[in-house]
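Q: Could you take a close look at one part of this model for me, the charged side chains that pair up? I'd also like to see what surrounds them.

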Amino acid sequence: MPVIDDRAFFEATAVGDSAAFERLYEKHIASVYRYALQMLRNVAEAEDVAQEVFILAWVKRTKIRIVDKSVLPWLLVTTRNLSLNRIKKAHRNARNTSLDTGEAVALRSTHDAEQLVMSQMLAAAIEDAVDELSTTDQTLYFLCISEGLSYQKAADALGVTHSVVRNRLARVRRALQTTLATQKEGLS
């Protein structure tokens, strides 16, 4: 299956070709939406973020750099950042509400609170480790590890070969294991 290079469409988009932008939108909207939904766990929020990503892509179309023949890495990193901003805002609002009512902490048992803290620490450590990866590696992490796409489908989406995906993912896994092991030692 031939890989369609996003560069030609994106170059046309950069000079204002809305038809080329529409082709990029149709090609990548499903991946952007699934990633937002995975992070936010809310259909309406995921739809909003997906829309914001493509609006931002249009606004910044002259400044975006294509990586590995695909605009998908930029779209997914932008999706991640916008989703994290929404999550942080929701946590801030929830924390402010719980501080106002004083109910949330009082209702949890010590064990539940410890489990919650450990889960949050692990999620934060994974998030930090993924943030240290390159844009392409973050995209591969999302496509293959989070989404469960085959190496070939990820290769097709990024415009690279199956072996490039396999080799990069092996390095990604090693880097994440090293980073997480170091963080675990620091917590012990």
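A: Gladly! A word on exposure first: a residue is buried under 20% relative accessible area, exposed over 50% and partly exposed in between (1.4 Å probe, protein chains only). By that scale Glu 52 is partly exposed, with a relative accessible area of 31%. Please keep in mind that this is a predicted model, in which local features need pLDDT of at least 70 and side-chain atom pairs count only at pLDDT 80 or more, while totals for chains, interfaces and linings use all residues. Residues are numbered from 1 along each chain as its sequence is written, and side-chain values use heavy atoms, with hydrogens and water left out.

Glu 52 pairs with Arg 86 in a salt bridge whose closest N and O atoms are 2.3 Å apart (a side-chain nitrogen of Lys or Arg within 4 Å of a carboxyl oxygen of Asp or Glu). Arg 86 sits in helix H4 and Glu 52 in helix H3, so this pair ties together parts that are 34 residues apart in sequence. Helices here are DSSP runs (H or I, at least four residues), numbered from the N terminus.

Arg 86 has another partner: Glu 45, with closest N and O atoms 2.6 Å apart. Glu 45 belongs to helix H3 and Arg 86 to helix H4, so here the parts tied together are 41 residues apart in sequence. Like Glu 52, its other members are partly exposed, Glu 45 at 29% relative accessible area and Arg 86 at 22%.

Searching the whole structure gives 4 salt bridges. One of them joins Asp 6 to Lys 27, with the closest N and O atoms 2.7 Å apart. Asp 6 is in helix H1 (residues 6-14) and Lys 27 in helix H2, so the pair connects parts 21 residues apart in sequence. Asp 6 counts as buried, at 0% relative accessibility, whereas Lys 27 is partly exposed at 33%.

Back in H4, which spans residues 72-101, you will also find Arg 80. Arg 80 counts as buried because its relative accessibility is 9%. Beyond neighbours within four places in sequence, Arg 80 is in contact (heavy atoms within 4.5 Å) with Tyr 35, Met 39, Glu 127, Val 130, Asp 131 and Gln 138.

Now for the nonpolar surroundings. A nonpolar core is a set of buried Ala, Val, Leu, Ile, Met, Phe, Trp, Tyr and Cys residues joined through side-chain atoms within 4.5 Å. The largest one holds 32 residues, and Val 32, Leu 75, Leu 76, Leu 143 and Val 165 have the most contacts inside it. At least two of its residues come from each of H2 (18-40), H3 (43-59), H4, H7 (135-146), H8 (151-158) and H9 (162-187). H2 contributes the most, with 7 residues. Leu 75, again leaving out neighbours within four places in sequence, touches His 28, Val 32, Val 53, Phe 54 and Ala 57. Apart from this core lies another of 6 residues, among them Ala 129, Leu 133, Tyr 141 and Leu 176.

Finally, H8 itself: Ala 154, Ala 155, Asp 156, Ala 157 and Leu 158 are buried there. After H8 comes Gly 159, with a positive phi near 75°.
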